[in-house]
Amino acid sequence: MTLIKSISGIRGTIGGAPGNALTPIDIVNFTYAYCATLPSRKPVPNGDRYKVVVGKDARISGDMVEQLVVGTLVSCGVDVVKCGFASTPTTEMAVLFAGADGGIIITASHNPRQWNALKLLNDKGEFLTAVEGQAIIDLAEKGEFNFSEVDSLGTIEEEDFTDKHLDAVLALPAVDVEAIKKAHFTVVVDAINSVGGIIMPRLLERLGVKCITLNGNPTGDFAHNPEPLPANLVDLCETVVREKADLGVSVDPDVDRLAFICENGEPFVEEYTLVSVADYLCELAEKEGKPIATVSNLSSTRALRDVTEAHGGKYYASAVGEVNVTTLMHKVGALIGGEGNGGVIYPAIHAGRDAMVGVALFLSNLAHKGLKVSELKKTYPPYFIAKNKIQLSDPALIDRILGALKEKFADEEINDIDGVKIIFEAEKKWVHLRKSNTEPIIRIYAEAPTMPAAEALAGRIIEIANNIV
């Protein structure tokens with residue numbers, strides 16, 4: 001059983017004792033702490049109550065968690081707008097549509113079916129800052145409550161924001177609906193039996209795309225491991241080839257990240273989801289003479305930097321974590337940003353990962369270029385990432401190892417805003433080491449123009465680290 005508290009919310013496995021799993025007590029505690037921090041974000045005029053939207057993915061524990069969250073909000077005197085089954089980006093957009101003071105998303109993202117979580121949003125529909133998140137953790141750990149009197153209880157209303165979300169996506173100038181319709185695409189979608197089976201076919205239908213849906217019934221009984229990695233997408237790959245489809249699309253249970261499959265059944269590779277969308281948007285901006293800035297985290301592929309600079313733009317790297325990416329995007333006025341896990345963040349619509357935006361922009365790019373998906377992939381700089389980790393018995397060794405590596409490679413470019421990233425510019429290689437927030441391990445990501453080179457770099461770093469230990 002597992003329970004993880006972080007600045008972005010609380011997540012854990014369902015079933016077990018408090019402290020070792022995500023229990024009803026934890027859910028009430030964190031929801032109450034979230035409510036108690038609302039006044040610090042936005043003064044309530046004339047004594048009006050706060051309003052919070054609540055959305056959920058389709059996982060089995062969703063109804064139970066939703067009842068606890070909504071009940072706690074109402075008991076705190078907060079009015080609730082229930083979105084029902086809704087993707088994470090839909091719930092983020094719903095905060096704006098409803099003029100709400102915040103939002104709670106009930107989803108454990110790509111985690112397996114036994115997991116669930118509360119993701120907390122501010123009044124802009126964005127994830128909380130580190131300071132805001134820590135304030136909620138501190139308050140929740142006190143376990144002190146002060147609920148509203150009966151005459152001050154909140155109210156509950158229900159609204160489905162799916163079509164409003166899709167309206168906003170299709171209204172984006174960069175989404176060329178007519179070009180997509182003229183291309184007569186066929187797309188296979190693996191929705192893993194969650195909310196992607198509701199929103200993604202609806203999006204493709206409005207784009208004039210023939211949609212073949214796998215695992216589209218939102219039962220929460222996930223058809224396979226929710227992580228959209230190639231090993232979990234065998235059926236999708238086979239269906240794309242069998243149906244002679246132009247593209248395969250895999251989404252995670254809350255539809256904020258996605259992975260593409262080429263027409264030949266081969267992975268487009270998650271890292272290149274953002275790269276391809278950014279290339280399209282940078283090309284449009286370059287033609288219009290607009291400034292170009294892109295952002296991804298330190299563990300994401302160098303290909304985004306290469307594509308951005310090819311269009312005369314500036315690339316920026318943030319610490320790992322969506323809130324860190326969006327914070328830097330706001331600071332530099334980024335055109336596009338995201339993460340190498342298939343998360344596309346396009347601030348022209350909202351500052352959150354959005355698979356619907358990613359698909360619409362990708363199909364626009366594909367329609368404009370007139371290429372097959374496998375041909376499009378070949379137009380981008382080839383890089384390969386090797387992922388490893390070092391298990392340590394003593395967590396105190398982590399900082400010692402990171403410090404020693406900084407000293408050893410002091411002649412190379414070093415970025416230490418989040419762990420240590422060593423960049424070997426001449427060879428177009430890098431290695432990023434980060435300590436886990438939940439385990440005594442160091443995660444090691446290494447990238448190079450070939451997989452053997454990436455694996456060799458990671459192996460070299462691991463050998464040095466082991467000698468330090």
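**Close-up views of a predicted model**

**View 1. N111 and the residues around it.** Beyond the residues up to four places away in sequence, N111 touches R11, R59, F222 and P226. Touching, or contact, means heavy atoms within 4.5 Å. The model is predicted: local features need pLDDT of at least 70, side-chain atom pairs count only at pLDDT 80 or more, and totals for chains, interfaces and linings use all residues. Residues are numbered from 1 along each chain as its sequence is written, and side-chain values use heavy atoms, with hydrogens and water left out. Find N111 in the loop between β5 (102-106) and β6 (115-121). Helices (H or I, at least four residues) and strands (E, at least two) are DSSP runs, numbered from the N terminus. Is N111 buried or exposed? N111 counts as buried, because its relative accessibility is 13%. Buried means under 20% relative accessible area, exposed over 50%, and partly exposed in between (1.4 Å probe, protein chains only). Look also for G12, which is 99 residues from N111 along the chain. The C-alpha atoms of N111 and G12 are separated by 9.4 Å.

**View 2. The whole chain, for orientation.** The chain has 15 helices and 20 strands. Along its principal axes, the C-alpha trace spans about 65 × 60 × 45 Å. Of the 469 residues, 57% count as buried.

**View 3. Helix α1 against helix α2.** Helix α1 covers residues 24-37, and helix α2 covers residues 62-75. Their axes come within 9 Å and cross at roughly 40 degrees. Axes are lines fitted to C-alpha atoms, for helices over the stretch in contact, and angles run from 0 to 180 degrees between N-to-C directions. Which residues of α1 meet α2? They are P24, I27, V28, T31, Y32 and C35. On the α2 side, V65, L68, V69, T72 and L73 take part. This contact has 9 nonpolar residues, 2 polar and no charged. Ala, Val, Leu, Ile, Met, Phe, Trp, Tyr, Cys and Pro count as nonpolar, Asp, Glu, Lys and Arg as charged, and the others, Gly among them, as polar.

**View 4. Helix α5 and its partners.** Start with α5 (residues 162-170) and α12 (residues 355-369). Their axes come within 10 Å and cross at roughly 35 degrees. H165, L166 and V169 of α5 meet M356, V357 and A360 of α12. The residues of this contact divide into 5 nonpolar, 1 polar and no charged. Within α5, T162, H165, L166, A168, V169 and L170 are buried. What do the buried residues of α5 pack against? They pack against α3 (88-97), α6 (177-183), α7 (196-206) and α12.

**View 5. M200 in the largest nonpolar core.** A nonpolar core is a set of buried Ala, Val, Leu, Ile, Met, Phe, Trp, Tyr and Cys residues joined through side-chain atoms within 4.5 Å. The largest core holds 62 residues. M200, Y346 and L363 touch the most other members. Leaving aside neighbours within four places in sequence, M200 is in contact with V189, V251, V255, A355, M356 and V359. Another core, of 29 residues, lies apart from the largest one. Its members include V52, I104, L118 and L128.

**View 6. S296 in strand β12.** Strand β12 spans residues 293-297, and S296 is part of it. S296 counts as buried, because its relative accessibility is 0%. Skip the neighbours within four places in sequence, and S296 is in contact with L274, L304, Y315, Y316, A317, S318 and G338.

**View 7. T326 in helix α11.** T326 lies in α11, which covers residues 322-332. At 5% relative accessibility, T326 counts as buried. Leaving out neighbours within four places in sequence, T326 is in contact with I345 and A351. V295 is 31 residues away along the chain. The C-alpha atoms of T326 and V295 are separated by 8.4 Å.

View 8. Most residues other than glycine have a negative phi. H184 is not a glycine, yet its phi is positive, at about 55 degrees. H184 sits in the loop between α6 and β8 (186-190). Its relative accessibility is 62%, so H184 counts as exposed. N215 also is not a glycine and has a positive phi of about 55 degrees. Look for N215 in the loop between β9 (210-214) and α8 (234-242). N215 counts as partly exposed, because its relative accessibility is 27%.
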